[in-house]
Amino acid sequence: MNDSSEVSHQLNADFPAEGRLLGLDYGTKRVGIAISTFEQNIASPLENYTRQTEIQDQNHLTKIINEYQCKGLVVGLPVHMSGDEGQKAKEARQFGNWVSQFTQIPVRYWDERYSSASAEEFLVNLNINRNKRKAYLDKLAAQIILQSFLDSADRNQIPGSF
């Protein structure tokens, strides 16, 4: 998963302006998954996936991408408040590059600052108890990341400080 030989190719690949996009909120234990409409205007939470082995993860993500005919990936990038990237951002990039490589679809990284906090606040406001919130949190964070990407006027911006 840490082969970065395709990184420059992926960054320069044309990103589709139509077709479903898969949004991923990367985590070492769980991955939140969201999906966009074909028109790329609405993101919906899809599922929380509990990571297993590399092969099982690959098979699961390939199945979703094929089932929904996804044309691109949007992976949340956990940058620090300063905009700097730490270890988690590096892992998220490795994960996104890995998924892009085996699925042969382009990837974009999107600043995910506040996505989990926004998801948590939304669920608290719905009076969902703590245990049930955990079941929704990651896929809702993935939806927030993907929707933020869809709503942006500049989808090619590089996460970080501005």
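First, a term I need: contact means heavy atoms within 4.5 Å. Helices (H or I, at least four residues) and strands (E, at least two) are DSSP runs, numbered from the N terminus. This is a predicted model, where local features need pLDDT of at least 70, side-chain atom pairs count only at pLDDT 80 or more, and totals for chains, interfaces and linings use all residues. Residues are numbered from 1 along each chain as its sequence is written, and side-chain values use heavy atoms, with hydrogens and water left out.

**Entry: the sheet.** I found an open sheet of 5 strands in the order β3-β2-β1-β4-β5, with mixed pairing (strands pair if DSSP finds at least two bridges between them). β3 (43-50) and β5 (107-111) are at the edges with a single partner strand each, so one side of each has no neighbour in the sheet. I also looked at β1 (residues 21-25) and β2 (residues 30-36): they run antiparallel, joined by 4 bridges. L24 sits opposite I33 in β2.

**Entry: helix α2.** I saw that α2 (residues 54-68) lies across β1, β2, β3 and β4 (72-77), at about 160° to β3 (angles run from 0 to 180 degrees between N-to-C directions, with axes fitted to C-alpha atoms, for helices over the stretch in contact).

Which residues of α2 are buried? I got D57, L61, I64 and I65 (buried is under 20% relative accessible area, exposed over 50%, partly exposed in between, with a 1.4 Å probe and protein chains only). On the other side of α2, I55, K63, N66 and E67 are exposed. The buried residues of α2 pack against β1, β2, β3, β4 and α3.
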